[in-house]
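Student: Could you take me on a close look at one part of this protein? I would like to understand how charged side chains pair up in it.

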Amino acid sequence: MAPREFVFIVFALVVPFNLQAQEAYNPVYREVGPGQNIVLQGSTYSLVVDLAYDYTSANKFNGEAALAFELVPHWIKPALYAVFIRMNEYRQKQMAELINSLASDEPHLIDEVVFSLAHLPFEDLDSDNFDPEILVENAKNIYQVAELIDFARLVEKEEGAGNYYTTVELDLGGESWEVDRDYYYWYVVHPRLGDESAFYINAISGEPATVEEGGKFWRSYLLESEPEPDYRRAFETVYPNYIADLSAYTADYGIMLSDLDPVVAIRNQGGGEPVLLHYTWNRGSVYATTLKLDSTFTPLLENLLMAGFGPGGVLNTYFHEQFLVIREQNSEGATVIEDELIVSGYEVTVWDATEFGQLQDATELETFKKIIIPSDQSDQLYALLEAKGDILEEWMESSDHRVFLFSGSVASTSEVDWGTYVLPFNLTKVSFSGGFSAEFEGYPDFNRIIAGDNGAQVWDGQIYPNLSGQRQSSPDDIILDKIGYLTSQNLELNVGELPPEYSGTTGDCPGCIVRSPHPVRIINQHYGNCGELQDVNSALGRLSLIPSAAVGGITEDHVWNEYYLQDRWLPFQVSWSDSNTIIGVPGNKQDKDYGGGKDLAIVYRSRPDGKWENITPRYSNTNTLIFQVNDGVGNPVDGARILLASENYYDPDQLTYAIVVHTDYQGQAQVEVGDYQNIFAQISSPAGTWPEDGVAWIMCAQPSASGPQGAQCPTEASWDAQLPMPTGDGSGLVYEVDVNLEGSLPAHAVVEIAPGQDQYDPEPVARFVYSLQPTALQSLQLETLENTYLDNWSEASPPDFYVFDPENLQLFLVGENATALARLEADGQEHSVVLPQNGQWFIAANNHASWNTYNYAQLDVRMEAVEEVEKNPLEPGSSGCNCHFATTSTKSSNLPLILLILLGIALTMRRVKLFASGKIKQI
């Protein structure tokens, strides 16, 4: 039998009361030791309910933490308490000082800061890399952005004393819409976007760093007008030489691109014509400039010669990349470009106009990584560029990561004008509208595209299946379009476009690809794949105060975003680097049921604390799996961890996990899975693991389907030898999976309920009126999957609450059979229990039948006198409990005393290796 590892029981008493028409709220939280009970003591003489037994642990709130706790909105307190009691004394004191200082200096930030603190993974909070100031910076950024935009407004709310919160109002389709409180805090405020950690990150290395070491927080980094390092700087002005001064460079005219939106590295004065730019063409890059560069060697010329694909946008001699230089003349009689490339170690071929004119098709260019056209060429060569333009474009499109560099400066004494020709890659010459003075521009950013008073709507309610990534941005575009544009323009390079050798598999690659989950690092390096596009989308959405979330299917290796607007989640995706934005298309065209090319197994939405929400029915037709997990004696196992997996999209002989869910208090879990997919499962709990080795085949895609290593569908179900294996050759089917684990909880005492009030003699003198409302059940998971900290909230079942007399209470506490005066009904409705004349009675509760869950419930109690009785001479609160919360003694029979009880039990699971027998592969 699996060992039972008790961790702790947590409960809280919160006593709001009404005294002389003055509202007060006095919360008291206590940590209870392993296996203990909660016991409340009631007195019919004084109409008082008090804490009878106080099982406080050594890890109490320090004085500063207790003071800080009083400043927090009531609705955040349970989550904050659960975090506070797990902190060491130093960290608890540090966080308390932070909250207390906010109360003095910036009280409007408390709710945003404390919510973030209370809902960060403890692994982040406990790390040496975590700096609490990041929570304050995050909150300040939110209010700073609210001053910069006019399509969103922060709204401060208060629902009774001490229960305040903030939300945001957005402009949608000509009217305002207010975001629900929880969506605002989870998907706008929370500093964690998905699978990254809430740390300051060095934009160059992608590693955690202090602020003094150059560490940046993503919201600040995207918002700063002059960040350092400046992600807005185009690579060709940074690598390998940082160009700080443009005074040495001149130009006579600029370059214009028809129907394309390039990254302008350097522009003529005052927002004038581009004089140095780059843009993607298919999966290659074009660099063009009219600056006078190549008559002599300059740092900027070196940058342009090196410019291409790879980290930092720099080509490297390590890969023996071959260059083709096409030139007919050089006005200075020099060969600066060729000489520099040869010295740098590149392989260089030089063609003149005659050799270039003999070019017949793109295959003759396939060995070249980069083609360069120097400045000040002959009229004949520019005419040949027009004539051979289709071949050059075919060369660019026939393979990934090719580069074309055009230097379009022409000597002022020359009569040649390449602007009269139609050059390849849409290059067009444009005259200056005024004088020339070069200035840096670079990648578009939040302040340039989104901030400002332009009256734009967040979304106009329309579906946009294909907004081109090369489109010009307009001030009138909807904000979602602008977010897609910013993401696409900044992540112009896709990992799939980069040379395979850049992956650095041998460990000695000088420019190895780094795929980071941190937006600071991603937007600084300007490349990624769907995961990086998703991260930057989420960051820009939340920076714009629009609720955004990460969505995807792991087994099919694709992720995208959703935005919460007008009370529904809206699919959103930038499909490729510098490519189209898709807004609101049903099913995001992923599954075949929605016009896509895949059969999705599981689609999930990731909450910032690591909760995975199964949203498969929104993206695919589904079948339903219903799990019933019991222990060795037939009792339901709560919090059992069910890992579902399916074949890897690229390697069907390997399994990849699809989602993790947990059973509820009845041992049940229901999962919607995509149709036409093989589904495998592994169940683990302190009660045992199923199957004992590896995974079980739960559902077969179709009768002829094969699983890993080519295994054919089983003929019998893994969980019942009498049942045939269910096959997914249809949709809307329901499969029930009943699993019995080996271990079992110890049997617990039987509690019988005594007959009604007729047993009392003489007549009873008091009663209490109560309501008991389940709120939520949580499984505590200590393991992680790829930096995703798992937890799960599901339907609640509170522990049993009983009313005992003193004698039966003692029996109950030692685990013997007992008789209760009543059991409280947990339906949220108001009930009453009549109490005997005996002046002492108790409410007791336990949660000993749970394996792995916290259990939360709210108990409201109102004491009433049935007839006038002699009152207890003790003063209110003097019952000896020493709990420091308010109680009330009064002659009035109508004074309410309300108790909020939060009870939690956590039992850890045995750590079970996730991927048994090497059959499950993480991607």
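**Salt bridges, close up**

Tutor: Happy to! A search through the whole structure, which is a predicted model, turns up 23 salt bridges. The idea behind them is simple: side chains of opposite charge can pair when their charged atoms come close.

Let's settle on E562. Its partner R605 forms a salt bridge with it, and the closest N and O atoms are 2.6 Å apart. Where do the two residues sit? E562 belongs to strand 24 (residues 558-565) and R605 to strand 27 (residues 604-606), so this pair ties together parts that are 43 residues apart in sequence. Are E562 and R605 buried or exposed? Both E562 and R605 are buried. For E562 the relative accessible area is 0%, and buried means under 20%, so E562 falls in that class.

R618 forms a salt bridge with E562, with 2.5 Å between the closest N and O atoms. R618 lies in the loop between strand 28 (612-614) and strand 29 (622-630), while E562 is in strand 24, so here the parts tied together are 56 residues apart in sequence. R618 has a relative accessible area of 32%, so it counts as partly exposed, whereas E562 is buried.

Now put the pieces together. E562, R605 and R618 join E613 in a network of salt bridges.

For contrast, here is a pair elsewhere in the chain. The side chains of K292 and D252 meet in a salt bridge, at 2.8 Å from N to O. This pair links distant parts of the chain, 40 residues apart: K292 is in the loop between strand 13 (284-289) and helix 9 (299-306), and D252 is in the loop between helix 8 (218-223) and strand 10 (253-257). K292 is partly exposed, at 35% relative accessibility, and D252 is partly exposed as well, at 39%.

Finally, let's step back to the whole chain. The chain holds 18 helices and 48 strands, and 59% of its 923 residues are buried. Among contacts with a separation of 6 or more, 72% are between residues 24 or more positions apart.

Terms used: Residues are numbered from 1 along each chain as its sequence is written. This is a predicted model: local features need pLDDT of at least 70, side-chain atom pairs count only at pLDDT 80 or more; totals for chains, interfaces and linings use all residues. Side-chain values use heavy atoms; hydrogens and water are left out. A salt bridge is a side-chain nitrogen of Lys or Arg within 4 Å of a carboxyl oxygen of Asp or Glu. Helices (H or I, at least four residues) and strands (E, at least two) are DSSP runs, numbered from the N terminus. Buried means under 20% relative accessible area, exposed over 50%, partly exposed in between (1.4 Å probe, protein chains only). Contact means heavy atoms within 4.5 Å.
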